Amino acid sequence: MEGERDIMDKEIKLEQKKFDETVKKISDRSYYISEIINRKRNSFRKRENSVGDEIVYSRAKIDEQNLLKAKKEPFFGKLDIDDGDRESFYIGKYGVRDLDENLIVVDWRMPMASVFYNFTPGESLQTISFEDKYGRKITNEVEVLRKREFTIKDAKIIKMIQQVADPDSKLNITKSDKGEELNVTDAFLQDILEKSETTGYLKEIIATIQKEQDKAIRQPIDRNVLIQGVAGSGKSSIALHRLSFLLFNNKNLKPEDILILGPSNLFISSFKGLLPELDLEGIQQSTFYDLVMPYLKTYVKKKIVNSNHHYFENILFQKNRDEQKRIAFKGSASFAMLIDIYVEEMKVNYLNQLKPIEIFGERLNPKELEEIYNGYEYLPFSKRVQRFLEHVEGYYNDLLKKKIKEIDNQNDFAKGYLENGGLPSEEERKFKIKLNFVKDYKIKQLKKEVMENYTSWKNLMMIDGALTVYKRILNPLFLEVYKHELGEEIHELFHKNDEKDVTVFDLAPLYYIHLLIHGIDKKYSHIVVDEAQDLSFIHFAIFKTITKTMTILGDKEQSIFMDYGQNNWSEILDSFFEKNGNDMYLSMETSYRSTKEIIDTANKVLTNQFGKNHKGITPLNRKGSEVSYTRVNSGRELVDGIILQVEEWMKQYKRIAIIHKDEAKAKRLTEHLKKEYSNEVIYINPEQEFTQTRINVLSSYNSKGMEFDAVLLVNGNEETFPKDDLHAKLLYVLLTRAQQAVKVFYQGTPSPLLEGLIIEEKQLATELDDIL
């Protein structure tokens, strides 16, 4: 064993030597690329450039940037294989060639890198698939002899994990640069997490991609992928790496043909820093609201604000069951079916309701109009109707032109007839003026006849807009027709409805109707949908329409929009995923964000509500401090307790969150804390840009997708967090925002969702309770 350790120590030194040599080759390559850039820049300045110089220059600029990034950490892994000859490949974030164009580092997105991610001891035979220059798929089998993963800090290899084909071999070992022998299991990933600083989003995980994750990343562009990932599982990062892989391997795919959808501007801005690192610049990022409003602004006159606030504070927290059911129906598959039926009937009935039109004695009967209408069958419904109406208008405008021409000819004839007719010149001039007056009057009357008759007919042939269609479908009389399919309750719910303004929950069905009537203006090649568990069935029907394929990310345990969102994925998989198995569903059950103590607490909350058989999160075995609980008797005691805890945390953590269930109380608490911390504390609004602030106060339902070093929960008592599905999921979300530490304050009796975690104490007198 001592000899094997000595060998490993020597191997680390050899790999360090290889590292240094690679850095030197990168430097040499950088100088070479810099020379190309300067040479091309000079030729542009002197106007001596040749055809193709612009492409060479732009490619060199990209290479220069990638080499600069690669120089800091050229590779993170090494693969030794036998495919007839023994070969070694170093794997890095960027592909690197030396001055002789030899590939010295393989880009993680290349097919060979998939072998690196898929290999585990005992599975030495791996397949590698790629396309040749003719587009033919080639599959080779290789034998993996050894895999190494490196932790690099300040240009030094400080840790090396080695795995070989034989799972029982003593060569499966992790060594540090100090000669220490470490545990192999998850050591590489755990080390990254323990030494990383929180940034508000999940870290780049190129070097730690696991086999199933790698499979999801490398799915072809024509496949849908749904990732069910627990809080902190890295699903967002996996999706971004998938986009990087797709762009790298599909040269005709442009960043502007890809869309990332997030729940808020705050969420979107929180991971923008990853996009340049993964070569994802140029990809459109949007909320659903910002995506659809340009198309719906005709119907929505007022800006919709604080939609989450209204939904949670006034509907879910107040247990407004009727409104909750109405909202759930507006996003349901049943409502999507009604929309499909209604719009399809609109299209069929349009033909059946064609009205004849007659102008100047020229009549177009329904059969002739149908023939014109069918000529534009290739167009979406509204554009088809528009072109049909324009065609008929053009037909009568042509007739009008002929009539005007006839009048012009008659006028010219009359004027000619007057020539040399014996009238005095002045009298002849007056006659011609009168003839022109008659001509203009007749033309005006003809135009009026066309305009009045055509406009009257056109108004009969115009189709309803999306908002009118939407209101007609939700009319209780229409809903009652389908009461056997929908149930008795639905049309009764909308009998009681007095909502007049368009809300955020009307946007998805409105836009869906808009798409069915007007068609799509832009079809994306791929869409990534994050926090998808909070979106309705109709959202996914929209995505299916506007994109070729999509990557869906979500966690059913975080489905705090309750019946409106997705409590499981079966309906989405059955409705929008191919049944032949080409599309992929991936479940990620391990959390890499939070400590074991935090995850155990979150799991306990879920089992307290859903029972002991409820499947919880699998924690990475990363130890931390226990979740702590403090009972407070007054608002003053709460503020003092928060300040005391924050002072302690600020010595070791960079981002601290203070989360209150209610928005109004969270804002009031912020004002109290600003007296102590001034500019170091901020209330987070979901519509603002992400900022690096030390102390962040936010409301519970606006915390989704966020990540902090430490989280302080304000008032986890039985009144604030009663025992029901909503509050169990909400509390689970709040706990799992933290990486390192959680503290819970509560007044009076603790929430029954925390049963078995804290001991109940007697409640004392209160003060400043407007922030509890």
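**Basis.** I worked from a predicted model, in which local features need pLDDT of at least 70, side-chain atom pairs count only at pLDDT 80 or more, and totals for chains, interfaces and linings use all residues. Residues are numbered from 1 along each chain as its sequence is written, and side-chain values use heavy atoms, with hydrogens and water left out.

I found an open sheet of six strands with parallel pairing, in the order 20-25-24-21-23-22. Strands (E, at least two residues) and helices (H or I, at least four) are DSSP runs numbered from the N terminus; two strands pair if DSSP finds at least two bridges between them. Strand 20 (628–632) and strand 22 (681–683) each have a single partner strand, so one side of each lacks a neighbour in the sheet. I then looked up the join of strand 20 to strand 25 (residues 738–747) and found five bridges; Val632 has Gln747 as its bridge partner in strand 25.

**Helix on the sheet.** Helix 26 (residues 725–735) lies across strand 21, strand 24 (708–713) and strand 25, at about 140 degrees to strand 24. Such angles run from 0 to 180 degrees between N-to-C directions, with axes fitted to C-alpha atoms, for helices over the stretch in contact (heavy atoms within 4.5 Å).

**Cores.** A nonpolar core is a set of buried Ala, Val, Leu, Ile, Met, Phe, Trp, Tyr and Cys residues joined through side-chain atoms within 4.5 Å; buried means under 20% relative accessible area (1.4 Å probe, protein chains only). In the largest core, of 86 residues, Phe388, Val392, Leu507 and Ile542 touch the most other members. Helix 14 (residues 381–418) gives the most to this core, ten residues.

Methods. Buried means under 20% relative accessible area, exposed over 50%, partly exposed in between (1.4 Å probe, protein chains only).
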